[in-house]
Amino acid sequence: MTIRRMAVAVTDSPASLRAAVLAIELAEGWHADMRAIHVAEDHTVAALVGAAAGGPRPAPGEAMLRHVATMAAARGVPVETTVVAGEPFRKILEEARAWQ
């Protein structure tokens, strides 16, 4: 079996960072593309909209998403990032299936 793509969900937690580092290492070893997904729950959506309009800074999960993308790029791992809103478990599955 050859793995060409992998997805990793990203929050602002230390466990999420550890999972993202492992995903980057695996993607590098497998020469796979990676997609980092952050799910903004309803209370975070307003912050994202405000940030897009030049308002307050993005939520911590958004900052972690950028950090993961930077780490992946430094290891030569092609990475796409996406932020979606909704129930995390549903949105992560939807995004992973759509990216196959």
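Guide: A residue is called buried when its relative accessible area is under 20%, exposed when the value is over 50%, and partly exposed in between, with a 1.4 Å probe and protein chains only. Helices (H or I, at least four residues) and strands (E, at least two) are DSSP runs, numbered from the N terminus. The model is predicted, and local features need pLDDT of at least 70, side-chain atom pairs count only at pLDDT 80 or more, while totals for chains, interfaces and linings use all residues. Residues are numbered from 1 along each chain as its sequence is written, and side-chain values use heavy atoms, with hydrogens and water left out.

The chain contains 4 helices and 3 strands, and their order from the N terminus is β-α-β-α-α-β-α. Of its 100 residues, 32% count as buried. Contact means heavy atoms within 4.5 Å. Among the contacts with a separation of 6 or more, 75% are between residues 24 or more positions apart.

Consider next the partners of strand 2. Two strands pair if DSSP finds at least two bridges between them. Strand 1 (residues 5-9) runs parallel to strand 2 and is joined to it by 5 bridges; arginine 5, for instance, has aspartate 33 as its bridge partner. Strand 3 (residues 79-85) also pairs with strand 2 in the parallel sense, over 7 bridges. There, isoleucine 37 stands opposite threonine 82.

Strand 1, helix 1 (residues 14-30) and strand 2 form a right-handed β-α-β unit. A crossover is right-handed if, with the strands pointing away from the viewer, the path from the first strand over the helix to the second runs clockwise.

Within strand 2, arginine 35 deserves attention. Arginine 35 is buried, because its relative accessible area is 13%. Not counting residues up to four places away in sequence, arginine 35 touches Met6, Ala7, Val8, Glu80, Thr82, Glu95 and Trp99. The C-alpha atoms of arginine 35 and alanine 69, which are 34 residues apart along the chain, are separated by 8.9 Å.

Tryptophan 99 also meets another arginine. The charged end of arginine 5 sits over the ring of tryptophan 99, 4.4 Å from its centre. For this, NZ of Lys or CZ of Arg must be within 6 Å of the ring centre and within 35 degrees of the ring normal.

Leaving aside neighbours within four places in sequence, valine 68 is in contact with Val10, Ala20, Ile24, Met34 and Ala36. In soluble globular proteins, nonpolar side chains tend to be buried together.

Helix 1 contains serine 16, which counts as buried because its relative accessibility is 7%. Apart from neighbours within four places in sequence, serine 16 is in contact with Ala9, Val10 and Thr11.

The loop between helix 1 and strand 2 holds histidine 31. Histidine 31 counts as exposed because its relative accessibility is 67%. Although histidine 31 is not a glycine, its phi is positive, at about 55°. Most residues other than glycine have a negative phi.

Finally, isoleucine 3 lies in the segment before strand 1. Its relative accessibility is 24%, so isoleucine 3 counts as partly exposed. Leaving aside neighbours within four places in sequence, isoleucine 3 is in contact with Trp30 and Ala32.
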